[in-house]
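This briefing covers a single protein model. Please look over the sequence and the coordinates before reading on.

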Amino acid sequence: MILQMEHIKKSFGDLQVLRDVSLHVDAGEVVSVIGPSGSGKSTLLRCATMLERVDSGSIRYMGETAVSTDEYGNTSYVDAAALKGIKRYYGLVFQQFNLFPHHSVLKNIMDAPLHVQKREKEEVKAAAMELLRKMGLESKANAYPCQLSGGQQQRVAIARALAMKPEILFFDEPTSALDPELTGEVLKVIKQLAEENMTMVVVTHEMPFARAVSDRVIFMDGGVIVEEGHPEAVFGNPTQERTKQFLQNYQR
């Protein structure tokens with residue numbers, strides 16, 4: 001098992017965003033997380049990737065504990081060195097691409113493997129160019145983000161995350177900032193990664209995509225997991241009334 005999140009709780013002030021959420025992801029599994037805005041989907045990903053500190057619960061990657069809560073309710077993270085080691089297991093692709101505007105496409109992809117992982121420059125460059133070929137962007141290596149379409153920028157962001165060779169890749173609504181035409185090209189890349197058995201957790205509003213690509217679908221609402229299961233079961237025959245209500249809005 002690559003990821004184990006147990007009994008995660010997270011509040012912002014008086015607003016309880018996650019109310020005892022547990023998530024397990026096995027190697028090669030594609031898990032889509034769906035639900036209305038404000039249901040806690042993105043916060044769950046931000047907690048999984050240490051961008052937010054949980055109030056309580058535990059998080060383990062590849063059996064290594066990042067966060068734990070003792071019997072008295074005290075929650076603690078491992079030290080910075082151990083956390084740095086754990087962070088190598090995952091990558092995150094944001095809604096808004098988050099590319100460095102003053103770096104070329106190639107430099108955006110190469111930076112972290114060079115400076116964080118201390119890999120050899122020629123090996124990193126060759127891997128980066130191969131990723132650009134895979135994304136259909138080989139000719140854009142020397143371009144800057146402002147010269148790319150939104151879909152191209154998001155594909156560079158995916159290549160940048162893959163360059164770190166993560167065990168699991170998280171996507172936080174990767175197409176929400178794109179128009180329908182550009183959405184298709186990004187979803188095609190994610191589908192290709194799924195066919196290559198890349199382990200992924202995808203927060204998405206693209207229901208047909210989630211149904212087609214996922215091994216498991218999780219429906220969240222009100223900070224809890226309301227329903228989860230095989231996509232055909234969740235989309236075709238949901239057991240919870242709240243799931244049925246939500247999916248009625250997405251019948252196409």
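The notes below cover the sheet, the strand pairs, the helices, the nonpolar cores and the aromatic rings.

This is a predicted model, in which local features need pLDDT of at least 70, side-chain atom pairs count only at pLDDT 80 or more, and totals for chains, interfaces and linings use all residues. Residues are numbered from 1 along each chain as its sequence is written, and side-chain values use heavy atoms, with hydrogens and water left out. Helices (H or I, at least four residues) and strands (E, at least two) are DSSP runs, numbered from the N terminus.

**The six-stranded sheet**

- An open sheet with mixed pairing has its 6 strands in the order E7-E8-E9-E3-E10-E11; two strands pair if DSSP finds at least two bridges between them.
- E7 and strand E11 (224–229) each have a single partner strand and stand at the edges, so one side of each lacks a neighbour in the sheet.
- Neighbouring strands of this sheet are turned against each other by 15° on average, direction ignored. Axes are lines fitted to C-alpha atoms, for helices over the stretch in contact, and angles run from 0 to 180 degrees between N-to-C directions.
- Strand E10 (residues 216–221) and E11 run antiparallel and are joined by 5 bridges. Phe219 has Glu227 in E11 as its bridge partner.
- Helix H1 (residues 41–48) packs on the sheet and touches strand E3 (30–34), E7, E8, E9 and E10; contact means heavy atoms within 4.5 Å. The direction of H1 makes about 145° with that of E8.
- Helix H9 (residues 241–248) also packs on the sheet, where it touches E3, E10 and E11. The direction of H9 makes about 95° with that of E10.

**Strand pairs of E1**

- Strand E1 (residues 3–12) pairs with strand E2 (residues 15–25) in the antiparallel sense, over 8 bridges. Gln4 stands opposite His24 of E2.
- The hairpin of E1 and E2 has 2 residues between the strands, and Gly13 takes a positive phi near 65° there.
- E1 is also joined to E4 by 5 bridges, and these strands run antiparallel. Lys9 has Ser56 in E4 as its bridge partner.

**Helices**

- H1 is mostly covered, with 6 of its 8 residues buried; buried means under 20% relative accessible area, exposed over 50%, and partly exposed in between (1.4 Å probe, protein chains only). The buried residues of H1 are Lys41, Thr43, Leu44, Leu45, Cys47 and Ala48.
- Glu232 is found in helix H8 (residues 231–236) and is partly exposed, with a relative accessible area of 41%.
- Not counting residues up to four places away in sequence, Glu232 touches Arg211 and Asn237. Ala212 lies 20 residues from Glu232 in sequence and 8.9 Å from it in space, C-alpha to C-alpha.

**Nonpolar cores**

- A nonpolar core is a set of buried Ala, Val, Leu, Ile, Met, Phe, Trp, Tyr and Cys residues joined through side-chain atoms within 4.5 Å. The largest has 40 residues, and those with the most contacts inside it are Ile158, Phe171, Ile190, Leu193 and Met200.
- Elements that each supply at least two residues of this core include helix H5 (150–162), strand E8 (168–172), helix H6 (180–195) and strand E9 (199–203). H6 gives the largest share, 7 residues.
- Beyond its neighbours within four places in sequence, Phe171 is in contact with residues including Leu45, Val93, Ile158, Ile190, Leu193 and Met200.

**Aromatic rings**

- The structure holds 3 aromatic pairs. Rings of Phe, Tyr and Trp (its six-membered ring) pair if their centres lie within 6.5 Å; planes under 30 degrees apart count as stacked, over 60 as edge-to-face and the rest as tilted.
- Tyr61 and Tyr90 form a tilted pair, 5.0 Å centre to centre with 35° between the planes. Tyr61 in strand E4 (residues 56–61) and Tyr90 in strand E7 (residues 90–93) are 29 residues apart.
- Tyr90 and Phe170 have ring centres 6.2 Å apart and planes at 75°, so this pair is edge-to-face. Phe170 is in strand E8, 80 residues from Tyr90.
- Tyr61 and Tyr90 are buried, and Phe170 is buried as well. Tyr61, Tyr90 and Phe170 form one aromatic cluster.
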